[in-house]
Amino acid sequence: MSAASTGNILRTYPTASGGTVASTVPVGAVHAEGSPLDWGASLVGGAVVLDEKVAPNAPWSAVVPEGHVLTIVDVGGNQSADCLLYNADDPQERYSVPDTLAWQGNAYVRTGTVLRSNEGRPLMTVVANEIDRQDTIGGACGKESNTLRYGHHVMFHHGCRENFLAEASRRGLGVRDLVSNLNWFMNVPVEADGALGIVDGMSAPGRRVAVRAERDVLVMVSNCPQMNNPCNDFNPTPLRMIVVDPRTPEISASPLDASREPAAAQGTHTSEDAA
């Protein structure tokens, strides 16, 4: 557990019934001062067409054109990046967990996994991955599920569902368009008896995953704000999103500077800018 797990400071929060409850879990917490941050670089060479930061707890979206590669950098380590994918030309075609897992015959997402749509067609392919496995079973947190699991004192904590809804509204999508998602950098092992659990992560500052768009794909990400289980190491940190065109040579021969924060520090990005 990180130092950002509140230092056992007890706070009082209101409940839905009008009472109060004490908790050491803060509302809207961000990473502890001095947390190691590694901004990384693209896992795939090519001309950089997008390079943005996603602040802790924030949503993000962009259209990744066919053939381009998106690298997601786990800047602070063990920070869950909940993710949804849509056919940018027809959002009714979207990421499908059962199609993806059935086609590959495996519960985990690893290098080579083809992320398939509800029509069975490839949306993106994992072309590089710096942790053993990625999750697509654990789902997304939300205000309702948080309250059910952890108590009414967390009723004010927004979750990935709220992030997805906020970002979806910018794209002309709504609650009917939210489906089961990917969880980059979250560790959800499948035990021999079929049991699942959200446990301590396997990532580290600067670890990355890269996915290639097999058609124009709308990617939505929630930089998970969960503070009640270890999916974010109890220490929400930034993400870095880098899109490159591998068919175009890099503008500069020098690699991206992993020690610097990306210049574009917006939480969202428009499809016109990404195209």
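My entries follow, roughly in the order in which I looked things up.

**Ground rules**

I am working with a predicted model, in which local features need pLDDT of at least 70, side-chain atom pairs count only at pLDDT 80 or more, and totals for chains, interfaces and linings use all residues. I number residues from 1 along each chain as its sequence is written, and side-chain values use heavy atoms, with hydrogens and water left out.

**Overview**

I counted 4 helices and 12 strands in the protein. Helices (H or I, at least four residues) and strands (E, at least two) are DSSP runs, numbered from the N terminus. I then asked how much is buried, meaning under 20% relative accessible area, with exposed over 50% and partly exposed in between (1.4 Å probe, protein chains only). Buried residues account for 53% of the 275 residues. For contacts (heavy atoms within 4.5 Å), I looked at pairs at least 6 apart in sequence, and 77% of these join residues at least 24 apart.

**The cores**

Next I looked up nonpolar cores, which are sets of buried Ala, Val, Leu, Ile, Met, Phe, Trp, Tyr and Cys residues joined through side-chain atoms within 4.5 Å. The largest one has 32 residues, and Leu85, Leu115, Met124, Trp184 and Val219 have the most contacts inside it. A second, separate core of 15 residues includes Leu84, Cys160, Phe164 and Leu173. As a general note to myself, nonpolar side chains in soluble globular proteins tend to be buried together.

**The open sheet**

I traced an open sheet of 4 strands in the order S4-S11-S6-S9, with antiparallel pairing. Strands pair here if DSSP finds at least two bridges between them. Strand S4 (59–64) and strand S9 (182–184) each have a single partner strand, so one side of each is left without a neighbour in the sheet. On average, neighbouring strands are turned by 25° against each other, direction ignored. I found 6 bridges between S4 and strand S11 (residues 217–223), and Trp60 stands opposite Val221 in S11.

What lies across this sheet? Helix H3 (residues 160–170) lies across S4, strand S6 (81–87) and S11, at about 145° to S11. For such angles, axes are lines fitted to C-alpha atoms, for helices over the stretch in contact, and angles run from 0 to 180 degrees between N-to-C directions. The buried residues of H3 include Cys160, Phe164 and Ala168. Just after H3, Gly172 takes a positive phi of about 75°.

**Strand S8 and its partners**

I found S8 mostly covered, with 6 of its 8 residues buried. S8 is joined to strand S7 (residues 114–116) by 3 bridges, in antiparallel fashion, and Arg116 has Pro122 as its bridge partner. The hairpin of S7 and S8 has 5 residues between the strands, and Gly120 there takes a positive phi near 80°. S8 also pairs with strand S10 (residues 207–213), antiparallel over 5 bridges; Ala128 stands opposite Ala210 in S10.

**Cysteines**

How many disulfides are there? My search of the whole structure finds 0, a disulfide being a pair of cysteine sulfur atoms within 2.5 Å. For Cys224, the nearest cysteine sulfur is that of Cys160, 3.6 Å away. Cys224 is buried, with a relative accessible area of 2%. Cys141 sits in the loop between strand S8 (122–129) and helix H2 (143–150), and counts as buried at 8% relative accessibility. Among the residues it touches are Asp82, Cys160 and Cys224. Cys141 and Asp82 are 59 residues apart along the chain, with their C-alpha atoms separated by 9.3 Å.

**Two positive phi values**

Last, I checked residues other than glycine. Asn78 has a positive phi of about 55°; its place is in the loop between strand S5 (69–74) and S6, and it counts as buried at 14% relative accessibility. Phe185 has a phi near 75°. This residue is in the loop between S9 and S10, and counts as buried at 1% relative accessibility.

Conventions
Lists of a residue's contacts leave out its neighbours within four places in sequence.
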